[in-house]
Amino acid sequence: IRIYMPVTFATYAIGMMALSGVPLVFCGFWSKDEILHVAWLYQPSKIPFFLGLGGAFLTAFYMTRQMCFVFAGKYRGGHGAAEKRSNGVMESSSAGHDHHHSTTPSLHHSVASHDPHESPAVMTLPLQILAACTVLLTLVSTPLWPWLPEYLVGEAAHWSPDKLFNAGTLTLLVVSGVVVAGGIGLGWWFYGLLPAEKLDEKDPLEQQFPEQFAWSRGKFFVDELYAATFVKWNAR
């Protein structure tokens, strides 16, 4: 639906790239990079750091999957079903009494109104403001001039080129960027190159890894585990 909703598509794409942690341009990268930096310095174990990298990879993957499903490929809804429903209404009205004819236009209009279209300004304007902040806040979030993080902890920010260009920061930046690129690339490989043509078409991951996909779709059954343990114990 990117053709029908270009503003929504553009702003959502910016949000997707920020949440995925695309390097340098989006503030989401710097917040994620800071978390990974702290996790790397965690002395007892490096497990939190690798869990963070895994989370970054999965976030980039599923956000790319979502973008492909919603905005890529051919439009798979609305028009065909709308035409069938409209034809059904027309046939029913022509075979019925005169008062049926008066309801046909409103029914047809309600069907046609379900076709995709851009949202009004009351929705798109806040989206554009949020998208702009997603990019502009990068200027005050980098280690070069960390005004926002320092402000949140009540300290004065200082211009610190050494924090950005030291070997540790640059290495983490490269590693994080590679992980994000891998997640986006793999998501595009599965969902962007061969977009679904039918609504009932199986997910590419489900076709290749049905058991793993079932666990993922069931959210690893954490809800069921809680319901069978903590919820059940507290309900007694």
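These questions and answers walk through a predicted model of one protein chain.

Me: What is the mean pLDDT of the chain?
Reply: This is a predicted model, and confidence is given for each residue. In this chain, 82% of the residues reach 70 or more. The mean pLDDT is 79.

Me: How many helices and how many strands are in the chain?
Reply: From the N terminus on, the elements run α-α-α-α-α-α-α-α-α-α-α-α. The strand count is 0. The helix count is 12.

Me: What share of the contacts with a separation of 6 or more comes from residues 24 or more positions apart?
Reply: Take the contacts in the chain with a separation of 6 or more. Then pick out those between residues 24 or more positions apart. Their share is 62%.

Me: Which residue forms a salt bridge with Arg65?
Reply: The closest N and O atoms of the pair are 2.7 Å apart. The pair links distant parts of the chain, 138 residues apart. Arg65 sits in helix α3, while its partner lies in the loop between α9 and α10. That partner is Asp203.

Me: Is Asp203 buried or exposed?
Reply: The cut-off for buried is under 20% relative accessible area. Asp203 has 6%, so this residue falls below that limit. Arg65, at 26%, counts as partly exposed. Asp203 is buried.

Me: Which residue meets Glu206 in a salt bridge?
Reply: The N to O distance is 3.7 Å. Glu206 is in helix α10, and its partner is in helix α11, 11 residues apart. The partner is Arg217.

Me: Why does Glu206 count as buried?
Reply: Buried means under 20% relative accessible area, and exposed means over 50%. Arg217, at 56%, counts as exposed. Glu206 counts as buried because its relative accessibility is 19%.

Me: How far apart are the closest N and O atoms of Asp223 and Lys219?
Reply: These two residues form a salt bridge. Asp223 is partly exposed at 47%, and Lys219 is exposed at 52%. The closest N and O atoms are 3.0 Å apart.

Methods
Residues are numbered from 1 along each chain as its sequence is written. This is a predicted model: local features need pLDDT of at least 70, side-chain atom pairs count only at pLDDT 80 or more; totals for chains, interfaces and linings use all residues. Side-chain values use heavy atoms; hydrogens and water are left out. pLDDT is the predictor's confidence in each residue, from 0 to 100. A salt bridge is a side-chain nitrogen of Lys or Arg within 4 Å of a carboxyl oxygen of Asp or Glu. Helices (H or I, at least four residues) and strands (E, at least two) are DSSP runs, numbered from the N terminus. Buried means under 20% relative accessible area, exposed over 50%, partly exposed in between (1.4 Å probe, protein chains only). Contact means heavy atoms within 4.5 Å.
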